[in-house]
Amino acid sequence: SSKYSSEITTCEQPVFIKGKNAPIFDCEKLLPIEKVLDGVCQIDSADLILEIPVAKDACTNEEILGVPTRKSGKDMTEPFSVGADTIIWTFSSKYSSEITTCEQPVFIKYKGTPAISCDTLNEIIDTTDECNIEATEIVNVPSAELPCGLGSVNGVGARKSGKALTDPFEIGNDTIVWKFFH
């Protein structure tokens, strides 16, 4: 008030202080997510069942829910296909100018075997002037298709005779047993 007026003007000036301390969360708590699919090549994101991690504000101790994004750039609502991706959890507090990010690996595996028709492995018959023939001259490593468009894998061969696959083949019979891993 002044000597010429009895009215008072009141003004409020908001004050909001932000800290530079990032939200507190131990990234080691985020264990890798692993799912094995049987007969399908992707899982709906809702079926992945993510536990939302909670951090604490460094000054106020207020709980901060993690916000997920995918390193692959896909939306969190899109299915997770067979393969690997990473969820990046971001913790952001209104009381801090800093953020905390943590990565959580996601591995989606397919339960199944590589596809190959053993009928395509023709008997190897060869003639040599020597008593043996080099493996590199007669052995072609076959491949099998992986499920879900993941490409192919080469077979790993072993000889029933116990000799190394790369050893020369002697006159007579032997058999190569091919195994395909993924």
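Which residue's side chain meets that of Arg 70 in a salt bridge? I opened the predicted model with that entry in mind. The partner is Asp 85, with 2.9 Å from N to O.

I then placed the two residues along the chain. Arg 70 sits in strand E5 (residues 67-70) and Asp 85 in strand E7 (residues 83-92). They are 15 residues apart, and the pair links distant parts of the chain. I checked accessibility next: both Arg 70 and Asp 85 are buried.

Next entry: Asp 174. I found a salt bridge from Asp 174 to Arg 159, with the closest N and O atoms 2.9 Å apart. Asp 174 is in the loop between strand E13 (169-170) and strand E14 (176-179), while Arg 159 is in strand E12 (residues 156-159), so the pair ties together parts 15 residues apart in sequence. Arg 159 is buried because its relative accessible area is 7%, under the 20% cut-off. Asp 174, at 29%, is partly exposed.

Last entry: Lys 109. I noted a salt bridge between Lys 109 and Glu 34, where the closest N and O atoms are 3.8 Å apart. Lys 109 has 43% relative accessibility and I logged it as partly exposed.

For the tally, I wrote down six salt bridges by this rule.

Technical notes. Residues are numbered from 1 along each chain as its sequence is written. This is a predicted model: local features need pLDDT of at least 70, side-chain atom pairs count only at pLDDT 80 or more; totals for chains, interfaces and linings use all residues. Side-chain values use heavy atoms; hydrogens and water are left out. A salt bridge is a side-chain nitrogen of Lys or Arg within 4 Å of a carboxyl oxygen of Asp or Glu. Buried means under 20% relative accessible area, exposed over 50%, partly exposed in between (1.4 Å probe, protein chains only). Helices (H or I, at least four residues) and strands (E, at least two) are DSSP runs, numbered from the N terminus.
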